Amino acid sequence: MSTITREGVDNLSIDRGEPEWLKVFRVNALEKFLQSPNPSIKSDTWRKTRVDKLNLAEIKTSSPAFQSPGNKTEQQVLERFSERAGAVFSTTGNSWRVDLDEKLEKAGVVFVPIDEAIKNHAESLKTLLESETRNIDESKDKFDWMQEALFNCGAYLEIPANLVIEKPFLVVNKLDKSEAGCSLFPRVLIKAGKHSKVSVVNAFVCDDELDSTVDGDVKKLSLVNARNLIHAEAGSSVSYIEVQALGDNCFMVGKSTGNVTADASISTLTVGVGGYQLKSEISTRLLEAGAHGAMLGVVFGDMNEHMSYNTIQEHAAPNTTSDINFRVALKDEAVSAYQGNIKVDKVAQKTNAYQTNKNLLLGKSAKADSIPKLEILANDVKCSHGATVGPVDQDQVFYLMVRGLDKKTAEELIVAGFFDTVLESLPDKVANDWIHDLIKTKIHKERA
Amino acid sequence: MSADSPLLSIENLHVEVEDKEILKGVNLVINVGETHALMGRNGSGKSTLSYTLMGHPKYKVTGGCMKYKGQDITEMPTDERARLGLTLAFQYPVAIPGVSVSNFLRASVKAVRGQEIPVKEFRKELKEVMDRLGVPKQFLSRYVNDGFSGGEKKRLEIMQLALLKPQMAILDETDSGLDIDALKTVSEGVNSLVSKDSAILLITHYQRILNYVKPDHVHVFHEGKIVLSGGPELSTKLEEHGYDWVTQELASTTA
């Protein structure tokens, strides 16, 4: 029985004591959700995914009792990022703030769980939510509406103008291990004030034990449906790292949108290292002159994992620049689909857009697809894109073996290097080390 | 291996690449303490020999065998050959983007020596080798051969040899593409590999490097086999008269 009903949404809103406008927002989304068809694997954005294997009726959307962070998975992440500006945790339906640097709080930084933001920062939040609704209503699908109707955890971060913060803000979303079929609907909203600088690490993790939850022969899937919105005001600089490290029965749908205004920049790094299906759309909208968007991707699949990434670099104003470097490596029978959209509006003259997608196939049965999509309406632009798909270069392997490395070690070194060409530009050493470790573990992982 | 058995012996070696026979019966014996120069025109099969000695999967041995320290290595995987002390300095070293020179060197020293070396010790060893070969420090943080000039690539090859200290080093056209100063440094690097316990096979088509590295034996390679062997004087004769007289002489003896 599906819990995605009008009654469920009403109760969600009432239980949380939400204001009327939000209830209306949710109910409107629910109606759209019910009207929307299930995404089809024949559609452009859902091709090569396993969305047909996900039975939404089996997903429980009710919130379990409050849990405090004491578990090893989140503790490990916390310990890694001991040098941080603050942390917010979410598990199924609940979020709480772990900490926030006192000096930053005094300086006016707001970093709170999303339900607290609904109570205390309603105006800002409402503006953000509604701006999003107005802008891209027509492109939303069933999962987007589902997220709007049901979001129940996440964080709100607001940085005052001119504040430069080097340490990262940490958001950890953990899928509860207690039962299969559970769900998480986190929403992260980031607002960087004029000329501020901020970095955020948004991590999706789950306990190892979840991996083995098998119901008969059919895996019972859990769902993460995440939404992230970044608003970078003039001259600000936002670094956003999203780590998707979920178990092999987790179906994740994620959408991340960055709005970049004059002379501001948003750099995103998406790391996909675990999930039954990871399906992300990352878009950067360059709204005013001087805006810059960089989107990096490091995706590593194995076994039967499916990884699907769509990037959108949308140039909506003149003199804007964007740069995409998305890299995918696949072991075993893993499958990936990358779609890179470059959109240049008629007014966006002097656009400079760059896109590269490289795919390394380590397993004989691994498959990677790469599709660039260009929609260029301006006539004075520089756009380039390139994609490669292929196995590890045997001459590279031979070279390393001539120096004594066995074949496996040689290939591992080459794969690590393949990702390092992306990760080298990452300024945050802690995040960088963590991502390296996640990749390394997966490289060394033998088939069970 | 018995004390008097050769370090490397190649017996009637036949090799095919993509169904085409390139090596047509190579015979060569190299003892410890010896430096051999293998000379010949481009396309005569010299590089095929070096790749085959290291076991590149594209090169198929269809006849004969290779023995190293008395052990048949014809079917042995490349990395095992390397760990036995055999290695190759490439004519065209491949770039490996994302893998830094220092990471790569540590991994290969660890593999060849069979154990991890303490970082401090490794750095010291590295510094000594780099100073000696005039390799700048920046090399270490660059990606292996990525964006390297021809000369830089050759220096890196020699630097690896100096670190790994192979007992049997094959140098494939290590002199090509080097200016005279680089040639001198690289040659010094090669000379430092010479010892009474090791041997070198130097593949070249110029006599130039032999002004700095003195071979004990010189062989002429022609159409997939060694057709003439002699002492150092042979290389001088080749430099003066080219390879034509060798082929002419061959034609007259086989006629």
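The legends below describe close-up views of a predicted model.

**Figure 1. The interface of chain B and chain A.**
In this view, 33 residues of chain B are in contact with 20 residues of chain A. The size of an interface is often given as the accessible area lost when the parts come together. Here the area buried between chain B and chain A is about 2,000 Å². Carbon and sulfur atoms give 69% of that buried area.

**Figure 2. Polar contacts and the side of chain B that touches chain A.**
Across the interface of chain B and chain A there are 12 residue pairs in polar contact, with both residues at pLDDT 80 or more. On the side of chain B that touches chain A, at least two residues each are supplied by the helices α1 (46-54), α2 (78-83), α3 and α5 (150-164) of chain B. The strands β6 (86-89), β7 and β8 (143-144) of chain B also supply at least two residues each. The largest share comes from α3(B), with 5 residues. By class, this side of chain B has 22 nonpolar, 8 polar and 3 charged residues.

**Figure 3. The salt bridge between chain B and chain A.**
The interface of chain B and chain A has 1 salt bridge. Its partners are B:E157 and A:R403. The closest N and O atoms of B:E157 and A:R403 are 2.7 Å apart.

**Figure 4. A salt bridge within helix α1 of chain A.**
Over all chains, the whole structure has 32 salt bridges. One of the salt bridges joins the side chains of A:D10 and A:R6, at 3.2 Å from N to O. Both A:D10 and A:R6 belong to helix α1 of chain A, which covers residues 6-15. A:D10 and A:R6 are 4 residues apart, about one turn of the helix.

**Figure 5. The second largest pocket.**
This pocket has a volume of about 800 Å³. Its lining consists of 26 residues, and those closest to its centre are A:T409, A:L413, A:K440, B:N103 and B:A107. In chain A, the elements that give two or more residues to the lining are α9 (407-423) and α10 (429-444). In chain B, they are β7 (96-100) and α3 (101-113). The lining of the second largest pocket divides into 8 nonpolar, 10 polar and 8 charged residues.

**Figure 6. The largest cavity.**
Rolling a probe the size of a water molecule over the atoms shows where empty space is left. The structure holds 4 cavities of 30 Å³ or more, and the largest cavity has a volume of about 70 Å³. Of its 16 lining residues, A:A226, A:N228, A:Y240, A:E242 and A:K255 are the closest to the centre. Strands of chain A that give two or more residues to this lining are β7 (186-192), β8 (197-206), β11 (222-232), β12 (237-245), β13 (250-260) and β15 (277-286). By class, the lining of the largest cavity has 6 nonpolar, 6 polar and 4 charged residues.

Conventions. Residues numbered from 1 in each chain as written. Chains lettered and ligands numbered in written order. Heavy atoms only, no water. 1 Å grid on protein atoms, 1.4 Å probe; cavity = no way out; pocket = protein on both sides within 12 Å on 5 of 7 lines; lining within 4 Å. Points joined across faces, edges and corners; volume = space filled by probe spheres on them. Nonpolar A, V, L, I, M, F, W, Y, C, P; charged D, E, K, R; others polar. Contact = heavy atoms within 4.5 Å. Buried area = accessible area lost by both parts, 1.4 Å probe. Salt bridge = Lys/Arg side-chain N within 4 Å of Asp/Glu carboxyl O. Polar contact = N/O pair within 3.5 Å; in protein donor to acceptor, adjacent residues only side chain to side chain.
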